[in-house]
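Work through the exercises below with the structure in view. Each task is followed by a solution in steps.

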Amino acid sequence: MDGQPTAEVIEQIRDIPIYRESVERGHFPILDKPEIARGFPDNWMTPRLAAALESGEAEFVLSTGTNHARMQIIRPPYFLLNSYYQLWREHPDIAETWESGCRRVSLTTVLATEHVARVNAGKRGADPAPVPTLDDRWLDARTCYLNMRLDPALWERDEVERMLEEVRTAGQAHPRGWYHLDCSGYHLAHLLRKVGEWGLWDAFPPPASIIHAYEYTPVNVRRFLEQHFACPIIDLFGSTELGYLFFSDRRGRYHPHLDKMSVELVPVAPGSTIYHLVVSSVRNPYMPLIRYRSGDCVRTLDGTPDPAKISQFCGREKELLASPRGPVAQGDLDRCVSQASSHVFVHQMRLMGEAEARLAYTTFNGAPLEPAEAAALEDGIQELTGRRCRLDHRAHIPIGKSGKYAWLAHDS
């Protein structure tokens with residue numbers, strides 16, 4: 001499938017330096033992140049963009065790095081937030097909570113909270129406080145951020161009680177006590193474990209709707225959330241540079257939200273049914289991305305390269321693991337884990353040499369897996385990866401410096 005841009009799109013981008021050669025040749029190759037960075041920002045500069053940067057209609061930001069390099073981009077202020085709000089407003093399962101004026105509380109990485117505190121301090125011409133107050137953590141009239149610690153597994157009781165109080169405050173602003181919970185699936189699961197451990201259920205009012213949108217949410221984590229909440233739990237897929245492209249319904253099926261966009265799927269290797277996500281988008285008028293390889297990988301319902309049949313956003317291209325049967329993605333290992341046991345919470349596979357691996361894991365109840373489940377998981381991982389695997393039960397697996405978990409590590 002060749003996703004060459006339409007004549008209408010070419011007219012919108014023909015003056016941008018990075019695309020001039022492609023316009024002249026009449027062919028646009030796939031655009032990778034190094035090409036975007038090479039010569040930045042001059043390779044994107046036009047009189048229109050220069051004027052937008054001068055007026056504040058466009059700004060420089062960094063993409064969110066998990067286990068990959070961050071990339072400088074140019075976009076309108078609140079580009080990603082507005083994309084999120086649009087999907088929340090239009091989503092068939094949760095539009096009611098938007099329309100009713102629900103406040104949004106966000107439980108995600110501490111880096112996101114710190115970013116909001118910096119933005120608010122900058123508006124005042126001040127430095128952010130070492131411990132941001134609740135006022136410092138309101139992004140706008142609708143959204144506040146809760147987390148102030150890198151590793152949610154290390155939250156202490158006073159922190160959890162403070163976050164629950166802030167949740168209650170957000171709900172009390174609504175006539176029906178509703179609030180919308182925005183989260184990383186991992187962070188919310190950690191909160192639920194802490195609430196259960198300390199008997200704080202009476203202090204935790206249930207949300208009216210939930211979106212997790214910050215990183216891959218494992219099958220077991222989603223199951224765990226669904227066991228505790230009756231409201232719709234929605235996944236959004238997107239990125240800093242593109243906005244949101246797909247949303248799930250409450251049953252987990254994905255639907256496209258390709259406003260001013262198109263998508264093509266390219267196999268990561270010959271014969272593989274894991275596909276690169278290649279996106280053409282003019283949604284961001286100041287940095288339109290044409291045939292941009294986002295670095296994300298997907299699987300489809302039937303293994304064909306049909307974007308309408310995407311069934312899973314299965315991880316990052318740079319984190320694919322080579323195996324005798326072809327590339328293995330984060331989502332493949334996750335499927336293997338969830339099929340063997342619903343008790344595994346955080347898991348991280350470490351490669352040891354060329355033929356072995358060790359899977360460190362925690363569980364929701366803190367106990368190691370029963371021998372039969374452990375043996376089934378070790379066998380499943382060996383079949384998937386071609387590596388002999390041993391399990392390593394842990395009480396704690398540290399989170400990465402980005403505030404997100406790495407699923408794959410190499411022995412150093």
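The model is predicted. One aromatic cluster in it is formed by Y84, Y85, W88, W98 and Y244. The structure holds 17 aromatic pairs.

**Exercise 1.** Classify the ring pair Y84 and Y244, and state which elements it ties together.

Step 1. The ring centres of Y84 and Y244 are 6.0 Å apart, and the planes stand at 70°.
Step 2. Planes over 60 degrees apart count as edge-to-face, so Y84 and Y244 are an edge-to-face pair.
Step 3. Y84 belongs to helix α5 (residues 79-90) and Y244 to strand β8 (residues 243-248), so the pair ties together parts 160 residues apart in sequence.
Step 4. Y84 and Y244 are both buried.

**Exercise 2.** Classify the ring pair W88 and W98.

Step 1. Between the ring centres of W88 and W98 there are 5.1 Å, and the angle of the planes is 75°, so this pair is edge-to-face.
Step 2. W88 is in helix α5 and W98 in helix α6 (residues 95-99), ten residues apart.
Step 3. Both W88 and W98 are buried.

**Exercise 3.** Which charged residue sits over the ring of Y84, and which lies over the face of W98?

Step 1. Over the ring of Y84 sits the charged end of R104, 4.0 Å from the ring centre.
Step 2. Over the face of W98 lies R142, at 4.1 Å from the ring centre.

**Exercise 4.** Is H190 buried or exposed?

Step 1. Locate H190: helix α9 (residues 185-197) contains this residue.
Step 2. The relative accessibility of H190 is 5%, and buried means under 20%, so H190 counts as buried.
Step 3. Beyond four places away in sequence, H190 touches P152, A153, W155, F345, V346 and Y405.

Notes: Residues are numbered from 1 along each chain as its sequence is written. This is a predicted model: local features need pLDDT of at least 70, side-chain atom pairs count only at pLDDT 80 or more; totals for chains, interfaces and linings use all residues. Side-chain values use heavy atoms; hydrogens and water are left out. Helices (H or I, at least four residues) and strands (E, at least two) are DSSP runs, numbered from the N terminus. Buried means under 20% relative accessible area, exposed over 50%, partly exposed in between (1.4 Å probe, protein chains only). Contact means heavy atoms within 4.5 Å. Rings of Phe, Tyr and Trp (its six-membered ring) pair if their centres lie within 6.5 Å; planes under 30 degrees apart count as stacked, over 60 as edge-to-face and the rest as tilted. A charge sits over a ring if NZ of Lys or CZ of Arg is within 6 Å of the ring centre and within 35 degrees of the ring normal.
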